[in-house]
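The exercises below concern the sequence and model shown next. Each has a task sentence and a solution in steps.

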Amino acid sequence: MGKKERKETILDLIRTHRVTSQEGLRELLRKRGIEVTQATLSRDMTELRLVKVMGSDGGARYSLPDAGDHTPHLEALLPTLFLSADSAGNLMVVRTMTGGAQAVGLAIDAEGWPEVLGTVAGDDTVLIVLRDEDRAAGVKARLEAAAAKRPN
């Protein structure tokens, strides 16, 4: 089974079952004959932009993002919001215009860069946790290049 078919199955399962954890989703996939590693499943879920939502019973479950929920592309945000990026070890701090950090953090997460473990965003600062410090220069260069592009 290819990646496309696996993702279609994941979407079907999210629509038809109350999926509360990645492990629960892995088990549902296994019942359909699809063996997948946690890392692959996590990557698929990120690419599908699945979100965890609170149900009316107070329990959390995975869901598809709202149809109107379109995370802006990083290249559309950075030319107007990016101020700077500096790193120490495997941590990078990105400074944005006031109020821009949440959108930039979401857009960085949505890019699915393999060297980025995740982000934490405040009002004007995004903390990026990298897999290792050797990748910081490359991530900084990509951010600065995207920020230098003129919006269309």
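Contact means heavy atoms within 4.5 Å. The model is predicted, so local features need pLDDT of at least 70 and side-chain atom pairs count only at pLDDT 80 or more, while totals for chains, interfaces and linings use all residues. Residues are numbered from 1 along each chain as its sequence is written, and side-chain values use heavy atoms, with hydrogens and water left out.

**Exercise 1. Overall description**

Task: state how many helices and strands the protein has, and give their pattern along the sequence.

Solution. 
- Step 1. Helices (H or I, at least four residues) and strands (E, at least two) are taken as DSSP runs, numbered from the N terminus.
- Step 2. The protein contains six helices and six strands.
- Step 3. Along the sequence the pattern reads α-α-α-β-β-α-β-β-α-β-β-α.
- Step 4. Of the protein's contacts with a separation of 6 or more, 51% are between residues 24 or more positions apart.
- Step 5. The accessible surface, by the Shrake-Rupley method with a 1.4 Å probe and, for residues, only the protein chains shown as cover, is about 9,000 Å². Carbon and sulfur atoms hold 50% of that surface.

**Exercise 2. Salt bridges**

Task: how many salt bridges are there, and which residue pairs with D12?

Solution. 
- Step 1. Side chains of opposite charge can pair when their charged atoms come close. The rule applied is a side-chain nitrogen of Lys or Arg within 4 Å of a carboxyl oxygen of Asp or Glu.
- Step 2. By this rule the count is 13 salt bridges.
- Step 3. D12 pairs with R32, and the closest N and O atoms are 2.9 Å apart. This pair links distant parts of the chain: D12 is in helix α1 (residues 3–16), and R32, 20 residues away, is in the loop between α2 (22–31) and α3 (38–47).
- Step 4. D12 is partly exposed at 30% relative accessible area, and R32 is partly exposed at 42%.
- Step 5. R30 and E23 form a salt bridge at 3.9 Å, N to O. R30 is partly exposed at 28% relative accessibility, as is E23 at 43%. A network of salt bridges links E23, R26, E27, R30 and E35.
- Step 6. R135 and D132 form a salt bridge at 3.5 Å, N to O. R135 is partly exposed with a relative accessible area of 36%, and D132 is partly exposed at 27%.

**Exercise 3. A helix pair**

Task: describe how α4 and α5 pack, and which residues of the two helices meet.

Solution. 
- Step 1. Two packed helices are described by the angle between their axes and the distance between the axes. Axes are lines fitted to C-alpha atoms, for helices over the stretch in contact, and angles run from 0 to 180 degrees between N-to-C directions.
- Step 2. Helix α4 (residues 74–81) and helix α5 (residues 101–111) pack at about 145°, and their axes are 9 Å apart.
- Step 3. On the α4 side L74, L77, L78 and L81 take part, and on the α5 side A103, V104, A107, I108 and E111.
- Step 4. Ala, Val, Leu, Ile, Met, Phe, Trp, Tyr, Cys and Pro count as nonpolar, Asp, Glu, Lys and Arg as charged, and the others, Gly among them, as polar. The contact of α4 with α5 then has eight nonpolar, no polar and one charged residues.

Methods. Buried < 20%, exposed > 50% of the residue type's maximum accessible area, 1.4 Å probe, protein only.
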